[in-house]
Amino acid sequence: MSDDVAIRVRGLRKAYGESLAVAGLDLDVHRGEVFALLGPNGAGKTTTVEILEGYRQRDAGEVRVLDVDPASPTRDWRGRVGIVFQGTGEFDELSVAEVVHHFAGFYADADDPDKVIERVGLAAKARARTHTLSGGQKRRLDVALGIIGRPELLFLDEPTTGFDPEARREFWELIRDLAAAGTTIVLTTHYLDEAEALADRVGVIAGGRLVEVAAPNQLGNRQEALATVSWRTPDGTPDSAQSATPTALVADLAARFGGEVPGLTVTRPTLEDIYLTMIGQR
Amino acid sequence: MTTTTRPAEPVTAAAPARRSGPTGLALRQGRLEIRQFLRSRESVVFTLGFPLIMVLIFASIFDEEIAPGVSYTQYFITGMIATGLMTVSFQNLGIWIPIERDRGVLKRYRGTPMPKWVWFAGKVIMVLVTGFVMTALLLAVSVTLFDLDLPTTTTAWLTFGWVSALGVTACTLCGIAISSLARTARSGSAVVTPVALVLQFISGVFFVFTNLPTWMQQVAALFPLKWMCQGLRSVFLPESFGADEPGGSFELTRVALVLGVWCVIGLVLCLTTFRWTTRRDG
């Protein structure tokens, strides 16, 4: 395993009874990159990530995370991996500051708890009991606990589910800060715009397999994909054609109409269209 | 791996939080557990208040002597201390651990470099401290209001100590073990409360043990509470009362043996069945 690989997965399989949740998944995540695992519910995202985090045992396959097999996590490894869970972070009778200070004590090289609280935007709530926090604030606490140990690798499982748009933007800034500081980040999401906004590379997962890995703007070869040219025929009915050379088609149409083409549009598939095609929902 | 790149140091100075040694971690965890316990009013009232109220009621109803110079309180206090110890350990853990597991608090701890045993140590410290406080309160109230005679010999105090310690250990381990039976946060008390209540009725807490039907005595003898009560009776009742016990004496060796066996059973169950995550988490 080369030094610039943070995660290496080959032929990962996991079944629950009869149903195969992960069916032979291969994945490489490089050090320092932000990698988004994108997929619908039930695609195997969470199962995959929980195997990488050391919470679930796999049935088959080879997995290395920071050069350790997460099936038998060591203390040292736990200290180097940060995890932001889906909806935990409720310590009923404790305040935000108490929880973050307490967790800082578990790490050999913890960050300053008060600075971390400020960084996730909870400074004003530091003395509040965790059960009085709003949903978004609880997620911030989850993030604070995920990064308190200054992890080399941070897992974020659907981090902005339930956020309002402004909170999401702020959260994205936080992730970008962490990435800029050199933290490798693996996030799962079912928001396309989130993957597009944050990730260096996106892996689309469907039916327990990684169906494509690419930079967001190259997903499904969007640059090369067929463009759809639409227009209206002289009798007014809409017509359209898909073309790899839309400019030539438009020139041809212009010649045919002798000038302006009525109702002319040229569109390329959005990331969402590509994604829905890939996961077989279109 | 040679290029282990930690994220760059933030502009702010180094962290004040340094990881303490294993003992330090356990003490911190214990302090946190006690703080959580004290702040949750229901558990304080239920755990500490219930045995106190029972003593107040029973000692007020039955104020006669069961033998010349031996008040009913002298008998009843033994059952109440044993019940109280079972409440702070078995019931408290059996009810709270499923809640923490359901909220993802346990999963959260599992994701840190905290050694697993530290979490258990925190619970044990919490149980020991609350058990000690509860016993002291019971004794104080009974001495002040109901003329309880405290043990006068060192031997009696020593017996008091080891019976309580062994009993609490057995009940703590069984409480942790039974917590894995509850499927959800709410079912913890449904699992634990009936067990505790039945044991209280058949183990001689509310009634004089030897007045119970023989078969009931035999069933009770399989479980720890009966032996805790019996051990404590040897502490608070005159030696001559030993002749009234089913075995013709207080049978302290057997008390130690049965409680010891339950410690082993509890420990094995904990090690083999304890779950850090809920069933749906896998």
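Helix α5 of chain A, spanning residues 135-147, lies across strands β5 and β6 of that chain. The angle at which helix α5(A) runs to β5(A) is about 170°. The model described here is predicted.

- An open sheet is formed by 6 strands of chain A, in the order β5-β6-β7-β3-β8-β9, and its pairing is mixed.
- The edges are held by β5 (81-84) and β9 of chain A; each has a single partner strand, so one side of each lacks a neighbour in the sheet.
- On average, neighbouring strands of this sheet are turned by 15° against each other, direction ignored.
- Strands β6 (residues 153-157) and β7 (residues 184-189) of chain A run parallel and are joined by 5 bridges.
- D157(A) has T188(A), in β7(A), standing opposite.

**Helices of chain A**
- Helix α1 of chain A, residues 45-52, lies across β3 (34-38), β6, β7 and β8 of chain A.
- Relative to β6(A), helix α1(A) runs at about 150°.
- Helix α6 of chain A comprises residues 165-180, and E173(A) has its place there.
- E173(A) is exposed because 11 other C-beta atoms lie within 10 Å, and a residue with 12 or fewer counts as exposed.
- Although 25 residues separate E173(A) and L198(A) in sequence, their C-alpha atoms are 9.1 Å apart in space.

**The two domains of chain A**
- The domain assignment divides chain A into domain 1 (5-219) and domain 2 (227-278).
- A distance of 42 Å lies between the C-alpha centres of domain 1 and domain 2 of chain A.
- Contact between the domains of chain A involves 9 residues of domain 1 and 5 residues of domain 2.
- On the side of domain 1 of chain A that touches domain 2, at least two residues each are supplied by α7 (192-198), β8 (201-206) and β9 (209-214) of chain A.
- The residues of that side of domain 1 of chain A comprise 7 nonpolar and 2 charged, with no polar ones.

**Chain B**
- Chain B contains 10 helices and 2 strands.
- Read from the N terminus, the order of elements in chain B is α-α-β-β-α-α-α-α-α-α-α-α.
- The C-alpha trace of chain B spans about 80 × 35 × 30 Å along its principal axes.
- Of the 282 residues in chain B, 42% are buried.
- Among the contacts in chain B with a separation of 6 or more, 80% are between residues 24 or more positions apart.

Notes
Residues are numbered from 1 along each chain as its sequence is written. Chains are lettered from A and ligands numbered from 1 in the order in which they are written. This is a predicted model: local features need pLDDT of at least 70, side-chain atom pairs count only at pLDDT 80 or more; totals for chains, interfaces and linings use all residues. Domain bounds come from an automatic or database domain assignment. Two residues are in contact if their C-beta atoms, placed from the backbone, lie within 7 Å. Helices (H or I, at least four residues) and strands (E, at least two) are DSSP runs, numbered from the N terminus. Ala, Val, Leu, Ile, Met, Phe, Trp, Tyr, Cys and Pro count as nonpolar, Asp, Glu, Lys and Arg as charged, and the others, Gly among them, as polar. Two strands pair if DSSP finds at least two bridges between them. Axes are lines fitted to C-alpha atoms, for helices over the stretch in contact, and angles run from 0 to 180 degrees between N-to-C directions. A residue is buried if 20 or more other C-beta atoms lie within 10 Å of its own, exposed if 12 or fewer, and partly exposed in between; C-beta atoms are placed from the backbone.
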